[in-house]
Amino acid sequence: MLDPVLLDEIRSRFHHVDNCPYQGPRIFFENAGGSLTLKSVVKVNTALSAIPDNQGRDNPASRELVRIIAAAREDMKTFFGVDDGVVFTGESGTEVLFRLVRAAILGSPQGGNVVGSTLEHPATASARSKWCPVAGKENINIAHEKTQTLVTAQDYLQQINSDTRVATIIQTSPVTGMAIDVQAVARAIRTVAPQCFIIVDSIQHAAHGVMDMGACGVDGCALSGYKVFSRHNYGVGWASPRMSTLPHEKLDGTADDFWELGTRDTGAFATFSEVVKYLDWLGSQVSDLSDRRARLEAAGNAMMAQEAHLVDIAINGADGQPGIRTLPGAYIVGGPDNPYREGLVSYAFAGIPSAEVVNALNQRGIRTHVRKADYFSGNILDPLEMDSCIRTSFCHYNTKAEVLTLLEALTEITQA
Ligand SMILES: Cc1ncc(COP(=O)(O)O)c(C=O)c1O
């Protein structure tokens with residue numbers, strides 16, 4: 001749990017922590033829809049969006065843009081926890097994942113199969129279903145376990161064989177909040193299919209813990225700026241050395257591992273450097289470490305601990321305030337005592353439509369989100385025979401007082 005003075009300092013670094021410009025005072029529990037934005041991100045982005053120059057010219061402004069981008073690539077690698085390969089930006093996390101999955105499916109040896117799970121976001125699931133038939137590869141979907149909403153290394157092992165060319169893994173579900181042990185899954189895959197291209201969707205996880213793709217031994221990964229304290233309109237991808245040179249769309253004459261399509265938005269790179277700078281600072285506040293990567297890991301662990309504390313209060317209650325689990329008619333997706341939960345609780349109340357609860361919370365200045373059994377969340381909610389749920393998603397800058405306010409409101413709404 002974060003020290004209250006540090007928590008105040010953390011909150012002061014973000015825009016709109018407790019106030020919505022369109023609504024007034026509000027508590028923000030919609031972090032899985034997009035995190036709060038760092039003030040430094042807005043500042044740097046505003047400054048750079050006014051610069052008319054382009055990269056690759058012989059003038060001081062252009063040289064500075066090139067320097068900013070090169071520095072940001074290093075920051076991105078430090079964030080991903082990798083020493084090699086390439087990092088690149090794209091239009092969104094979805095677009096980056098589609099490109100990685102497409103390149104792996106089309107560029108891996110002919111035939112064979114591709115394995116993923118029903119826990120995945122459509123960003124990887126739809127890419128698999130689009131490109132497997134084109135490449136003549138079987139698309140295998142592991143059904144996730146419904147009680148805990150998980151897929152495990154064992155589940156992957158049951159489907160992987162020596163013909164598995166590509167595997168996709170979601171690191172954390174934005175619907176249930178459960179985190180998958182990516183390292184264990186990747187290790188298991190490699191015991192049977194050592195050459196398999198393994199691609200990880202870290203878009204939900206990135207703001208809620210440590211990223212360590214190097215230790216996981218995977219080939220590709222993506223995240224989205226707006227879900228990790230930065231802004232909309234870019235995703236960041238990483239491709240391992242062998243993944244980076246698979247055939248992919250690129251301009252003729254560029255290097256085999258070149259993935260950028262068109263002029264780069266320097267602001268996207270610069271704002272990501274601000275995210276890494278923030279985490280470096282946070283790491284320095286919660287540890288005595290001096291190495292940048294080590295500080296990022298310390299920051300990730302501190303964020304995880306703070307979120308676990310908030311989740312515990314939300315589910316179990318505190319200070320005499322009942323938690324969600326004891327509210328009348330409550331059902332918590334993935335169960336109330338799930339150790340894999342990462343900063344998010346999805347739930348529904350028997351007899352009250354989730355949309356009504358979200359609306360009643362909004363009227364009390366508490367932002368959550370209704371997840372419906374549609375093309376984003378149907379894979380999770382349909383097997384549970386739920387048409388919707390209320391997603392309440394936290395971040396390390398949220399407070400105990402905010403969670404208690406949520407519980408008071410839910411008590412009122414469910415007793416009305
Ligand atoms: C796990 C996961 N994958 C993919 C996406 C899509 O990301 P984007 O909106 O950047 O395309 C999201 C968005 O919330 C997500 O949580």
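Okay, let's start with helix α4, residues 93-107, and helix α5, residues 122-135: they pack at about 30°, and their axes are 9 Å apart. Helices here are DSSP runs of H or I with at least four residues, strands are E runs of at least two, and both are numbered from the N terminus. The axes are lines fitted to C-alpha atoms, for helices over the stretch in contact, with angles from 0 to 180 degrees between N-to-C directions.

Before I go on, this is a predicted model: local features need pLDDT of at least 70, side-chain atom pairs count only at pLDDT 80 or more, and totals for chains, interfaces and linings use all residues. Residues are numbered from 1 along each chain as its sequence is written.

So α4 and α5 are roughly parallel (angles under 35 degrees; over 145 is roughly antiparallel, 65 to 115 roughly perpendicular, the rest oblique). Among the α4 residues in the contact are L97, F98 and V101, and α5 brings in A127, R128 and W131, among others. Contact means C-beta atoms, placed from the backbone, within 7 Å. By class, we get ten nonpolar, three polar and two charged residues. Nonpolar covers Ala, Val, Leu, Ile, Met, Phe, Trp, Tyr, Cys and Pro; charged is Asp, Glu, Lys and Arg; the others, Gly among them, are polar.

Next pair: α3, residues 60-80, and α10, residues 266-286. Their axes come within 8 Å and cross at roughly 45°, so these two are oblique to each other. What is the handedness of the α3 and α10 crossing? Left-handed. This contact has eleven nonpolar, three polar and one charged residues.

Now α10 again, with α11, residues 292-316: the angle is about 75° and the axes are 7 Å apart. That makes α10 roughly perpendicular to α11. The α10 side includes L279 and D280, and the α11 side includes R292 and R295. Here it's seven nonpolar, two polar and three charged.

Then the ligand. Around it sit residues including S92, G93, T94, H121 and D201, where near means a C-beta atom, placed from the backbone, within 6 Å. The shell has four nonpolar, seven polar and one charged residues.

Last, the whole chain: 14 helices and 17 strands.

Terms used:
A crossing is left-handed if the near helix is turned anticlockwise from the far one by less than a right angle, and right-handed if clockwise. Two residues are in contact if their C-beta atoms, placed from the backbone, lie within 7 Å.
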